[in-house]
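Me: I have a model open and would like to go through some of its labels with you. Could you show me how each one is reached?

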Amino acid sequence: MGGFFVSVRVRYVGLVDSDIDHDRSRMLAGLKTSGLLRLYAGILVELRERGVIRTNNAPLGDYAEHLAFHVYGGALAPNSEKAFDILDSDNRRVQIKACSWGSNSRSSTAFSVFRSLDFTVATFLLFDADTYRLLWARELTADQVRENASWSSHVNGWRIRVAAVEREGIDVSERFVVDAG
């Protein structure tokens, strides 16, 4: 198994992103499903060792927290904390929400549910579904989330749509510089 990961790494050394995007489907199409899953698991291990993610969940939420932590500073909350993800350097409780957006996304697309509104500010990061490139980042206060979200008894939490965040949120995208390394 180690040889497989080494050959993938060697193949991409020195290539630019456009080369990788072009070759990605050809390389992945040749793998069996089990090989794709091993590759994915290996990527999660590497991202965890680099400190980019903290769980084995799909990496988008952890990646968003990682980016936000570098913007806000302070301390990451324990994974079990439901009200906020970061206690920033100004002692604000910051809740991070991430969502991917692609060609099949709809105007009704919502961020993940809020189980608690006991935070100072929520930062919403919208990523391109195909590349994980950050499309925008916006902040809303807890009061703004309460005003623009709807309660769902089915999921026992508050849901807010991407369109509402884009309309109401303060654009903080320029603060989020994605580290390519």
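Me: Why is Ser116 called buried?

Reply: This is a predicted model, and in it Ser116 has a relative accessible area of 12%. Ser116 sits in the loop between β3 and β4 (121-128).

Me: What makes the side chain of Ser116 and the backbone nitrogen of Asp118 a polar contact?

Reply: The side chain of Ser116 reaches that nitrogen at 3.0 Å. The cut-off for such a pair is 3.5 Å, so 3.0 Å is within it. Leaving aside neighbours within four places in sequence, Ser116 is also in contact with Lys82 and Ala83.

Me: On to the rings, then. How many aromatic pairs are there?

Reply: The count comes to 8. One of them is Tyr63 with Phe127, a tilted pair.

Me: Why is the pair of Tyr63 and Phe127 called tilted?

Reply: The centres are 5.7 Å apart, and rings pair if their centres lie within 6.5 Å. The planes are at 40°; stacked needs under 30 degrees and edge-to-face over 60, so this pair is tilted. It links distant parts of the chain, with Tyr63 in helix α4 and Phe127 in strand β4, 64 residues apart.

Me: How do you know whether Tyr63 and Phe127 are buried or exposed?

Reply: Tyr63 has 15% relative accessibility, and Phe127 has 0%. Both values are under 20%, so both residues count as buried.

Me: What makes Phe114 and Phe124 an edge-to-face pair?

Reply: Their planes are at 65°, with the centres 6.0 Å apart. Phe114 is in the loop between β3 and β4 while Phe124 is in strand β4, so the pair ties together parts 10 residues apart in sequence. Phe114 and Phe124 are both buried. Ring pairs also join them with Phe111, Phe119 and Trp136 in a cluster.

Me: Last one: which residues lie nearest the centre of the second largest pocket, and what classes line it?

Reply: Nearest the centre are Gly61, Glu65, Asp85, Ile96 and Ser112, out of 24 lining residues. The pocket's volume is about 590 Å³. Helix α4 (59-72) and strand β3 (93-101) each give two or more residues to the lining, and α4 has the largest share, with 5. By class, the lining has 10 nonpolar, 6 polar and 8 charged residues.

Note on methods:
Residues numbered from 1 in each chain as written. Predicted model: local features only at pLDDT ≥ 70, side-chain atom pairs only at ≥ 80, totals over all residues. Heavy atoms only, no water. 1 Å grid on protein atoms, 1.4 Å probe; cavity = no way out; pocket = protein on both sides within 12 Å on 5 of 7 lines; lining within 4 Å. Points joined across faces, edges and corners; volume = space filled by probe spheres on them. Helix = DSSP H or I, 4+ residues; strand = E, 2+ residues; numbered from the N terminus. Nonpolar A, V, L, I, M, F, W, Y, C, P; charged D, E, K, R; others polar. Buried < 20%, exposed > 50% of the residue type's maximum accessible area, 1.4 Å probe, protein only. Polar contact = N/O pair within 3.5 Å; in protein donor to acceptor, adjacent residues only side chain to side chain. Contact = heavy atoms within 4.5 Å.
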